[in-house]
Amino acid sequence: MKKIGVIFGGVTCEHEVSIVTGLQLIANIDKKKYEVLPIYIHSDGEWYVGDKLLDATIYKDFDSYKGGIDKGYIAPTRPGVIRPSRGFLGKESFEKLDVVIPAMHGMNGEDGSLQGLLELANIPYTSSGVLGSSVGMDKILMKKVFEAHDLPVLPYTYFIRDEWNEDKNKVLEKIEEALTYPMFVKPSNLGSSIGISKAKDREGLINAIEIAVNYDSRVIVEKGVEKLTEINCSALGFGDDVKTSVCEQPVNWEEFLTFEDKYMRGSKGAKSAKSSSGTTNKLGIKQGGMESMDRRIPANIPENQTNEIQDLTKKTFKCLNSKGVVRIDYIIDNEENKVYINEINTIPGSFSFYLWRHNGLEYPELIDKLVEIAEKANEEKNKNNYTYKSDIIGNITKIEK
C-alpha cells in the first residue's frame, strides 16, 4: 500500500481555503489503495502530522489542540517525514512517503517553494514543478511568459511598492497613460481574489492600490472589461499527454468574484443572497467553495469558443511545463468577442474535481491519476545525469585569501 502525504495549511492568506482543499481530498482518497498521512502547516510555520489532523473541528481553535499533536517536517535529505523526539528518552522517527499531494494555495506552497523542498528530498509530488509553480503564481511574470508564447492576455502595467511610496502621482500617471478606466488592481502574488479591487476612476484607483500594496511589493493593473463572460477550464496530465475538462461558467451576481463569493457561499457573513446546500463531507467539513458556487457546466458559450478555450488550455499547460491538474481562468470580452487568459491556478480549489466529474472521472479516480503522474514525473527526473567529473578540483593548489 502506497503512503501518501497530503500537505495543507501554510503561511499564506489562503490558509483556511487550503485546509478545506486538503481535508476534502483526504475524505475522497481510496483508503484501500493508499495510507494517508495528513501534514498540516500552521499559519505560524510549524508543521504537524498524524491522524488527529483529520478532525475538521480542531482548526477552529487549533492552538488549543496542538499540544497533543505530533510535530514533523520534511528534510531536504530524506524522502519522507521526520517526527522529532518527545521527552527525555524519546527517539526521532522517520516515515517514508511514496508521493506527496500539496493541497496548498498561495504563497509558501503553490509558488514553487514547497516544490523545491520536495525536489531536494526526491519525493514524487502531484503539483506543477518549481518553475511552473513560481511563474503561475506571479501574475506579472506569468503574463510576460504568455505574451512570449503568443497567448492572449489583457493589456496591463505594473509597479513596485517603493515606487508608490516615493511618488504616487508618477505611478498614477504611468497607469493612466497605459490603460483607461475601469481597471483591476491586483497583488502580483496572491489568489482567491484577495486584495483585488476594481477602479472606476482615479479615487478608486488610489484606494485599490492602497489595498494591494498591503499584500505584495509588486502590483499589477489590468484593463477592466465591462461586458464579459468568465470561463474556467481544467487540464490534467504531464508532458505531451494533456487532457482538458469541460468548460464552466461561474454565474456572477456581483462585478467580480470576491474571496467570500468563491469560498463562503452559505456561510455566516457571506455576501451572497443565495446559499449553498449546507451538506457536509466525510470529515465534517461543510461543502462549499469552488464546488458549490453557482456555475453552468458546461458553459453556455458557442462550440467554437469552447474549442478555442480548450486548445488554449493545453497550450498554456505546456507553456509552463505544468503537471498534475491545473485550472485556467478566462475572460471573454463580449464586445470584442475575444478570449483572454486571466490566470492559471497550478493547485486549483478542490483540485477542480467537479469539472472532471463531468468528464466521467470521479474524485477518487482523479487522485489516482495525480499519483500516477507524480510517479511518472519523478521517474523522468531520476533519468537525468546530475554528476559531471572534471579536473577543476584536482588542479587547485591553493585558495588565495
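A: Buried means under 20% relative accessible area. Ser-352 is therefore buried, with a relative accessible area of 0%. Please keep in mind that this is a predicted model.

Q: Where does Ser-352 lie?
A: Ser-352 is in the loop between strand 17 and helix 11.

Q: What is the phi of Ser-352?
A: Ser-352 has a positive phi of about 55 degrees, although it is not a glycine. Most residues other than glycine have a negative phi.

Q: And Phe-351, what is its phi?
A: Phe-351 also has a positive phi of about 55 degrees, and it is not a glycine. Phe-351 lies in the loop between strand 17 (338-345) and helix 11 (353-357).

Q: Is Phe-351 buried or exposed?
A: Phe-351 has a relative accessible area of 3%, so it is buried.

Q: Let us turn to aromatic rings. How many aromatic pairs does the structure hold?
A: The structure holds nine aromatic pairs. One of them joins Phe-8 and Tyr-40, with 5.7 Å centre to centre and 35 degrees between the planes, and this pair is tilted.

Q: Where in the chain are Phe-8 and Tyr-40?
A: Phe-8 is in strand 1 (residues 2-9) and Tyr-40 in strand 2 (residues 34-41). The two residues are 32 apart, and the pair links distant parts of the chain. Both Phe-8 and Tyr-40 are buried.

Q: What about the rings of Phe-353 and Tyr-354?
A: Their centres are 6.0 Å apart and their planes are at 75 degrees, so this pair is edge-to-face. Phe-353 has a relative accessible area of 4% and is therefore buried. Tyr-354 is buried as well, with a relative accessible area of 5%.

Q: Which residues do ring pairs link into a cluster?
A: The cluster consists of Phe-8, Tyr-40, Tyr-48, Tyr-59 and Phe-62.

Q: Which ring does the charged end of Arg-78 sit over?
A: The charged end of Arg-78 sits over the ring of Phe-94, 4.0 Å from its centre. In another case, Lys-323 has its charged end over the ring of Tyr-125, 3.7 Å from the ring centre.

Q: Changing topic, how do helix 3 and helix 4 cross?
A: The axes of helix 3 (residues 130-137) and helix 4 (residues 139-148) come within 5 Å and cross at roughly 105 degrees. Angles of 65 to 115 degrees count as roughly perpendicular, and helix 3 and helix 4 are therefore roughly perpendicular to each other.

Q: Which residues meet there?
A: From helix 3, Val-135, Gly-136 and Met-137 meet Lys-139, Leu-141, Met-142 and Val-145 of helix 4. By class, this contact has five nonpolar, one polar and one charged residues.

Q: Which peptide bonds are cis?
A: The bond from Tyr-181 to Pro-182 is cis, with omega near 0 degrees. The bond from Ile-297 to Pro-298 is also cis, with omega near -5 degrees. Most peptide bonds are trans.

Q: Where are Pro-182 and Pro-298 found?
A: Pro-182 is in the loop between helix 6 (168-178) and strand 10 (183-187). Pro-298 lies in the loop between strand 15 (295-296) and helix 10.

Q: Finally, what is Gln-305 in contact with?
A: Leaving aside neighbours within four places in sequence, Gln-305 is in contact with Ile-332, Asn-337 and Val-339. Gln-305 lies in helix 10 (residues 303-319), and it is buried, with a relative accessible area of 7%.

Definitions and conventions:
Residues numbered from 1 in each chain as written. Predicted model: local features only at pLDDT ≥ 70, side-chain atom pairs only at ≥ 80, totals over all residues. Heavy atoms only, no water. Axes fitted to C-alpha atoms, helices over the stretch in contact; angles between N-to-C directions. Helix = DSSP H or I, 4+ residues; strand = E, 2+ residues; numbered from the N terminus. Parallel < 35°, antiparallel > 145°, perpendicular 65-115°, else oblique. Contact = heavy atoms within 4.5 Å. Nonpolar A, V, L, I, M, F, W, Y, C, P; charged D, E, K, R; others polar. Phe/Tyr/Trp six-rings, centres within 6.5 Å; stacked < 30°, edge-to-face > 60°. Buried < 20%, exposed > 50% of the residue type's maximum accessible area, 1.4 Å probe, protein only. Lys NZ or Arg CZ within 6 Å of the ring centre and 35° of its normal.
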